Amino acid sequence: MRIDIITIFPEMFEGPFSESIIKRARGKGLVEIQLHNLRDYATDTHKKVDDYAFSGGAGMVMMIEPIDRCISTLKQQRSYDEIIYLSPDGNILTQAVSNELSLLQNLILLCGRYKGVDERVREHLITKEISIGDYVLSGGELAAAVLTDSIIRLLPGVLGDETSALSDSFQDGLIAPPVYTRPRIYKGWEVPEILLSGDEKKIAEWKHHQSISRTKARRPNLDPD
Ligand code: SAM
């Protein structure tokens, strides 16, 4: 898979993309991530990518021309399955969305700043809009990093068996059961006896029951019954 990210702050991705699972996935060649500084596609010597909003009002708006030039340059090199704009009013990111995107080959993620992008970008250049929640961030970079992480960990070969994404919350419409490790008793707080019983059938039943009751309590919208 290849993910191209368009941003005016490429350095913001250095931390999240150079540690742990994403670092390993990149190192193994399971994903290629390319960062593109939108300012490189500006048309003037000041590398300007934003301008005042028509009709006035507070805040600058990202101009269509540099964004179009960047996306067009990328599209000349390969075809893209989706061109995604991170936006607070986009479709809410869920595990199902990440699952779907993880099956694709080439993605572009566009990070907005200021008041957002000129609406014509959304109308003519973008194929999908994704929000990471009903709150407003200062820019799309953190949202793009969240989306990228949630996709990459689903790619075959990225996670080992012991951390398999299939047993994580939301994959089967349920929240994952609680987990414990040593010591068996800490400050008098005990691990549930059943987990130490060695009875695999009973343990599986217990875990399933825990998943159902947690889902009912914490995410009743998932309708666990
Ligand atoms: N004026 C916009 C509005 O009210 O919807 C908010 C713009 S926000 C300050 C700047 C950029 O941050 C957006 O263009 C978008 O790319 C990104 N952003 C902010 N919140 C986001 C969220 N919840 N999910 C995804 N991207 C977000």
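Trainee: Is T7 buried or exposed?
Mentor: The model is a predicted one, numbered from 1 along each chain as its sequence is written, with a pLDDT of at least 70 needed for local features and 80 or more for side-chain atom pairs, whereas totals for chains, interfaces and linings use all residues. T7 belongs to strand β1, strands being DSSP runs of E of at least two residues and helices runs of H or I of at least four, numbered from the N terminus. Since its relative accessible area is 1%, and buried means under 20%, exposed over 50% and partly exposed in between (1.4 Å probe, protein chains only), T7 is buried.

Trainee: Which residues does T7 touch, not counting residues up to four places away in sequence?
Mentor: A contact requires heavy atoms within 4.5 Å. By that criterion, the residues that T7 touches are F13, H36, N37, L38, C111 and E141.

Trainee: What is the relative accessibility of D4?
Mentor: D4 lies in strand β1, which covers residues 2-7. Beyond four places in sequence, D4 touches Q34, H36, L74, R78, Y80, L107, I108 and L109. D4 counts as buried because its relative accessibility is 0%.

Trainee: What distance separates the C-alpha atoms of the ends of helix α3?
Mentor: Helix α3 comprises 14 residues, 64-77. The expected span of a helix is 1.5 Å times one less than its number of residues, so α3 should span 20 Å. The computed separation agrees, because the end C-alpha atoms of α3 are apart by 20 Å.

Trainee: Within what arc do the buried residues of α3 fall, seen down its axis?
Mentor: The buried residues of α3 are P66, I67, C70, I71 and L74. They line one face of the helix, because the arc, taken from the directions from the helix axis to the C-beta atoms, is one of 125 degrees.

Trainee: Against which elements do the buried residues of α3 pack?
Mentor: L74 is one of these buried residues, and L74 is also touched by D4, which lies in β1. The elements against which the buried residues of α3 pack are β1, β2 (32-37), β4 (60-62), β5 (82-92), β6 (106-111) and α5 (119-124).

Trainee: What is the C-alpha separation of M12 and L142?
Mentor: M12 is found in the loop between β1 and α1 (14-17) and is partly exposed, with a relative accessible area of 34%. Leaving aside neighbours within four places in sequence, M12 is in contact with R113, E141 and L142. M12 and L142 are 130 residues apart in sequence, and their C-alpha separation in space is 8.0 Å.

Trainee: Which element gives the largest share of the lining of the largest pocket?
Mentor: A pocket is an open set of points on a 1 Å grid over the protein atoms alone, with protein on both sides within 12 Å along at least five of seven lines, and its lining residues have an atom within 4 Å of a point. The lining comprises 25 residues, of which Y85, L86, S87, P88 and L137 lie nearest the centre of the pocket. The elements that give two or more residues to it are β5, α5 and β7 (128-131). The largest share, 5 residues, comes from β5.

Trainee: What is the phi of K47?
Mentor: Most residues other than glycine have a negative phi. K47 lies in the loop between β2 and β3 (50-52) and counts as partly exposed because its relative accessibility is 37%. K47 is not a glycine, yet its phi is positive, near 60 degrees.

Trainee: What is the omega of the peptide bond from R182 to P183?
Mentor: Most peptide bonds are trans. P183 is found in the loop between α6 (141-152) and β8 (185-186). The bond from R182 to P183 is cis, with omega near 5 degrees.

Definitions and conventions
Side-chain values use heavy atoms; hydrogens and water are left out. On a 1 Å grid over the protein atoms alone, a cavity is a set of points where a 1.4 Å probe fits but cannot get out, and a pocket is an open set with protein on both sides within 12 Å along at least five of seven lines; lining residues have an atom within 4 Å of a point.
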